[in-house]
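I opened this entry to keep track of what I looked up. The structure goes in first.

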Amino acid sequence: MNLIVQVGIDDTDSKKGMCTTYVCAVAIGRLEATNVKILGCPKLIRLNPNWKLKTRGNCAVAFTAELEKRQVPAFKEIILRTVRELAELQAEDTNPGVVFYYGEKIPLKLKSFSKKVIQDIVTIEEAESVARLVGAEMYKFKLGRGVIGALAAIGNTLDWDRTFELIAYRTPENRGSPRRIDVNSVIEMNKKTFPRTFDNLDPTTGEIRITPHTPCPILYGIRGETAEMVIKAHRLVKALEPIERVVVYQTNQGTDEHLRNVKISEAKPFWSVVVNGVVSQKPKVIRGGHVIFRIRDSTGEIDCAAYEPTRQFREAMKKLLPGDEVQVYGGIKEKPGLPLTINLEKLRVLKLASYFRKENPRCPSCGKRMKSEGRGKGYSCKKCKTNSPPNSARLIRVKRDLNLEMYEVPPRARRHLAKPLIRVKFSTREF
Ligand code: ATP
């Protein structure tokens, strides 16, 4: 009788190198060479994007294996050895964790733990207590903080929604040097596969989004709706350097799984929220080109920010006016001395406030606009010496240059978990 074992790994990289997905890819390769069967695609799970101790994108990985009971000790040894060998253990903030969970079905307790790690902050002790409860085994390297993400990656069954990412890894001699890839082939790939693949090209700048800018072993990652689609896209991309290996991950990227609906008074630092409110303070542009405005609901007020890298998204935000009803999406930042601020990912304009401007009457003789004589005193034309009463001015509704629709930041400024509008369009889930 074969065993099902789920493995989670996290916190193996540093700012200088490595990537937890690569550790997972190598471990899987080594396990397959010993006749262990890997079931389905491994998972690449993005955790709380506002978490301060993350290295970059706060990702953890997990995969499911089928093996004979007698293989278990060697199986575990291969994984732990791979982590020991590849993790950036010399880096102060790298604290790897590996978790083994025996069985196919994920208990509810573990699912809710995973959700909490994506939406909130947890402690290592909390992870250890959940692991004890569900019977998961934990292995800690140094502080072992990685057990949090490793357990969360196992616990996420991607029931909420899922997307896929194909990652192509570089050979060791090329790591650290500029990535070589035929840019035109990426543009072609995007033309042929978008929107079934997404966020691989920024249409606002023409920038290729599949190659990272870090010294990690990834050559490129292609995001899409299905495993078949990212494989098709990968075949269309021309790499100009050798590829060591390719892995297709199932993931919670682009799903909005980090967001929760809240009232303003409930919003907390490190959360990512969806808030319905009314613009209460006109947008202002602060140093650096960031746009800040304030919204309120029945429970309080909060600032919203569209930072400079969000480029043309800021232009739309600048057009908001007090009284506009909006739904904002984003992560909550706390900066000393400043009010809580929602770092905007998306904004839906629900209702535009009406604004009017006064138009003075025209002179009945010469047709020119008459001048005001002062408050409540009516209008006059100096040239023709004609007068009009105070109520002869007309109120004209100001045409608003915003639509009742959702606005989003461009791909270059998008958080991994944020759902692009192109996915929102086809989705049935609504906040
Ligand atoms: P990369 O994306 O480049 O692989 P990273 O950004 O995922 O790196 P890690 O090196 O994995 O960053 O560091 C994040 C650490 O924080 C991990 O140890 C993880 O277990 C832990 N962690 C992640 N999310 C939370 C959370 N919500 N609460 C507490 N700890 C967390």
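Predicted model: local features only at pLDDT ≥ 70, side-chain atom pairs only at ≥ 80, totals over all residues.

Residues are numbered from 1 along each chain as its sequence is written, and side-chain values use heavy atoms, with hydrogens and water left out.

**Ligand**

Which residues come nearest to the ligand? I found D11, D13, T55, R56 and N58, out of 22 residues around the ligand (a residue is near if one of its heavy atoms lies within 4 Å). I then looked up polar contacts, which are pairs of N or O atoms within 3.5 Å. D13 places a polar side-chain atom 2.5 Å from a ligand oxygen atom. R56 has a backbone N or O atom 2.6 Å from an oxygen atom of the ligand, and for N58 I noted a backbone N or O atom at 2.6 Å from a ligand oxygen atom. The ligand taken alone exposes 630 Å², and the protein buries 98% of that (Shrake-Rupley method, 1.4 Å probe).

I sorted the shell by class and got 8 nonpolar, 7 polar and 7 charged residues. Ala, Val, Leu, Ile, Met, Phe, Trp, Tyr, Cys and Pro count as nonpolar, Asp, Glu, Lys and Arg as charged, and the others, Gly among them, as polar. Helix 5 (residues 146–155) gives the most to this shell, with 3 residues. Helices (H or I, at least four residues) and strands (E, at least two) are DSSP runs, numbered from the N terminus.

**Helix pair**

Helix 1 (residues 20–32) passes helix 2 (residues 72–86) with the axes within 9 Å and a crossing of roughly 145 degrees (axes are lines fitted to C-alpha atoms over the stretch in contact, with angles from 0 to 180 degrees between N-to-C directions).

**Loops**

The peptide bond from F194 to P195 is cis, with omega near 5 degrees. P195 sits in the loop between helix 6 and strand 7.

Key
Polar contact = N/O pair within 3.5 Å; in protein donor to acceptor, adjacent residues only side chain to side chain.
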